[in-house]
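Please look over the sequence and the structure first.

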Amino acid sequence: RLARGLIEGLRIVLPLALTIGVGYMIVLDVIDVAERDGLGAGMAALTLAGLLYGVGCFVFVVLLKWLLIGRYRPHAAPMWSLFVWLSEAVTNLYESIAVPNFVNFLRGTPFLPPVLRLMGCHIGKNVLMDTTDMTEFDCVTIGDGSVLNAWSGPQTHLFEDRVMKIGRVHIGAGAMLGTRTTVLYDSQVGDGA
């Protein structure tokens, strides 16, 4: 109970505390730059700080994912296990600081697949992704030339009878997922589908 309370507490407090703390420090620094060097320099400093903050959030989540989870593999774990708590914490941080501050801005660009590969996704060449909806990254395979439209994605886990069940999702080459389409775990979308 103590371990779960600590992890859940961090999951609730850490994203907002990080955003407020870093945001406050950025504002103080940018105000100094703007007062000293003018409004243009202040805007440039704010732009750079925002970019560095977004990239920093993503790097923080990547490091936590690899340190706390390692590589996701298909398996089942009870909701009250340390693995599930840590996995949910990583997912929460990904969705609350990495996605809104960095990853979301890469949707629909050729830069999103390489970023998601850093999290463990297996993504082929020339894949168009207008979604960031991933959780157990290592269990996702997306073939060459596939298209994942807005808010679609592979759902690599479900909670069933208080058990987290993780499986692989394979999206074949040249496949297309429609907007808001969800592919459940242990599923395969064929080539060209």
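## Helices H1 and H2

In this predicted model, the axes of H1 and H2 are 8 Å apart and pack at an angle of about 155°. Axes are lines fitted to C-alpha atoms, for helices over the stretch in contact, and angles run from 0 to 180 degrees between N-to-C directions. Helices (H or I, at least four residues) and strands (E, at least two) are DSSP runs, numbered from the N terminus. H1 and H2 are therefore roughly antiparallel to each other; angles over 145 degrees count as roughly antiparallel, under 35 as roughly parallel, 65 to 115 as roughly perpendicular and the rest as oblique.

The crossing of H1 and H2 is right-handed. A crossing has this hand if the near helix is turned clockwise from the far one by less than a right angle, and is left-handed if anticlockwise. H1 contributes Leu 14, Leu 18, Thr 19, Val 22, Ile 26, Val 30, Val 33, Ala 34 and Asp 37 to the contact, while residues of H2 in it include Leu 39, Ala 41, Gly 42, Tyr 53, Cys 57 and Phe 60. Contact means heavy atoms within 4.5 Å. By class, the contact of H1 with H2 has 15 nonpolar, two polar and one charged residues. Ala, Val, Leu, Ile, Met, Phe, Trp, Tyr, Cys and Pro count as nonpolar, Asp, Glu, Lys and Arg as charged, and the others, Gly among them, as polar.

## Helices H2 and H3

H2 (residues 39-69) also packs with H3 (residues 82-101): their axes come within 9 Å and cross at roughly 165°. H2 and H3 are therefore roughly antiparallel to each other, and their crossing is left-handed. Among the H2 residues in this contact are Tyr 53, Cys 57, Phe 60, Leu 64 and Ile 69, and among those of H3 are Phe 83, Leu 86, Val 90, Tyr 94 and Asn 101. The contact of H2 with H3 has 15 nonpolar, three polar and one charged residues.

## A three-stranded sheet

Three strands form an open sheet in the order E3-E5-E10, with parallel pairing. The edge strands, each pairing on one side only, are E3 (128-129) and E10 (176-177). Two strands pair if DSSP finds at least two bridges between them. E5 (residues 147-148) and E10 pair in the parallel sense over two bridges, and the bridge partner of Leu 148 in E10 is Leu 177.

## Two loop residues with positive phi

Most residues other than glycine have a negative phi. Asn 126 has a positive phi, near 55°, and its place is in the loop between E2 (122-123) and E3. Asn 126 is exposed, with a relative accessible area of 73%. Exposed means over 50%, buried under 20% and partly exposed in between (1.4 Å probe, protein chains only).

Trp 151 also has a positive phi, near 60°, and lies in the loop between E5 and E6 (153-155). Trp 151 is partly exposed, at 47% relative accessible area.

## The whole chain

The protein has four helices and 12 strands. Its C-alpha trace spans about 60 × 45 × 25 Å along its principal axes, and 41% of its 193 residues are buried.

## Basis of the values

Residues are numbered from 1 along each chain as its sequence is written, and side-chain values use heavy atoms, with hydrogens and water left out. Local features need pLDDT of at least 70 and side-chain atom pairs count only at pLDDT 80 or more, whereas totals for chains, interfaces and linings use all residues.
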